[in-house]
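Morning, everyone. Please have the model open on your screens.

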Amino acid sequence: MGSFFKDIRPLLKLMQFFGLHFQLTDGLCKKSFYCLRIYAALCLLFNISWNSYNTARFVNSWPRITLSTVNDFVDYFNFMLDITGSHAAMYLMTFGSLHEVHNSFQRLERVLGTQYNHKLRHSSWMAVAFVVSFVMTQFTLTIYSRETMENWYIFLFLLLADLGHAYPMMSYCLFFVSALALAFHFQHVNSKLADYLKRESKNSGELDGIRTNHGLVCQAVGQLNGSFQTLSFIHVVFAFIGIVNTSFILMTKSNFSPKIVLYQVESVARLGLLGYICDRVHFEALACLNTLANTRSDHVMGYSLLHQQQHVMFGGQILQTVPKFDVYGLFHLSRQLLPHLIGTTITYSVILYQFKGP
């Protein structure tokens, strides 16, 4: 196991408890490996079967069509697809797509070192605390709800739904920690570039090495983005639909509960975390260009023609390969998602207010 995955082991252990084993532990015997594989398949099978059964019951008991019931119908399917889709996507990732990311991180650690990994360890523990505290809070609200205690089936359904919400939360926490590691690698490349430019004696081979390292980190960003595109799509769609539908519940005060507010806070936090870390990786990659641009022109003219050409080539490479996280080319992940979400919610709320009387 690479140093990066050793540092995020608390998060990986939590995911293994939920049936997601990424085969990143060296020295695992075949018996343990097959047992974990069977346990993972059973967890996914139970998740799909249980949610499919409840969806069939929900559809069969659907009352007459009104604005409120349509909103409940969309909200229910959005929630079920978020849980089941995230679980299925991460289960498929255990068969190979995350291993490409793992190999990229190992290659970067051999070249750039592991000086930032203590920060990743803290981030991993914070992610585990975030997921566990959210699920336990939902458990507590469900247990102390009088309506759910009167019907054992609804009580069991809500408890398993609260537990299942850990799958999407673990997925974007894993993405956040992985992208944070890449941001640290960009910082390291930028610091090496700044030290190189400050020295009087210049070695053209060293600048070539820095440029190669920057390219390796950009390549790792592309692999990470490719592995998590499906999950990113699920997260963004769930957050947009969930918050828009929740605004209807809050306005009409129908089926209102503290859990509704908690889910809305989690949806905003989900988009906020995804947008923040994607923008941070993007700007850390561009920091090398700022370092080159801040070099005094008289110093650059004092370099040999080869060094000047390498400066220009490095700057062009940064502009051409600057990483951006997108979702199948449909949209980019950035902090601009939150303002768009707020604008959509306000527009929808105004429309609902106009129909509130009828």
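N213 sits in helix α10, residues 204–227. Helices here are DSSP runs of H or I with at least four residues, strands are runs of E with at least two, and both are numbered from the N terminus. This is a predicted model, where local features need pLDDT of at least 70, side-chain atom pairs count only at pLDDT 80 or more, and totals for chains, interfaces and linings use all residues. Residues are numbered from 1 along each chain as its sequence is written, and side-chain values use heavy atoms, with hydrogens and water left out.

Is N213 buried or exposed? N213 counts as buried, because its relative accessibility is 8%. The cut-offs: buried is under 20% relative accessible area, exposed is over 50%, and partly exposed is in between, with a 1.4 Å probe and protein chains only.

What does N213 touch, leaving aside neighbours within four places in sequence? V111, L112, V189 and K192. Contact means heavy atoms within 4.5 Å.

Next, helix α6. α6 covers residues 117–143, which is 27 residues. From first C-alpha to last, α6 reaches 39 Å, close to the 39 Å expected at 1.5 Å a residue. That expected span is 1.5 Å times one less than the number of residues.

Part of α6 is buried. Among the buried residues are L120, A127, V131, F134 and F139. Remember the helix geometry: there are 3.6 residues a turn, so residues three or four places apart point the same way.

V132 is also in α6. V132 is partly exposed, at 37% relative accessible area.

What is the packing angle between α6 and α12? About 165 degrees, with the axes 10 Å apart; α12 is residues 258–293. So α6 is roughly antiparallel to α12, a label for angles over 145 degrees. Axes are lines fitted to C-alpha atoms, for helices over the stretch in contact, and angles run from 0 to 180 degrees between N-to-C directions. The crossing is left-handed. On the α6 side, F134, T137, Q138, L141 and T142 take part. They meet P258, K259, L262, Y263 and E266 of α12.

Finally, the whole chain. The protein chain has 15 helices and 0 strands. Of its 358 residues, 49% are buried. Among contacts with a separation of 6 or more, 82% join residues 24 or more positions apart.

Notes. Angles under 35 degrees count as roughly parallel, over 145 as roughly antiparallel, 65 to 115 as roughly perpendicular and the rest as oblique. A crossing is left-handed if the near helix is turned anticlockwise from the far one by less than a right angle, and right-handed if clockwise.
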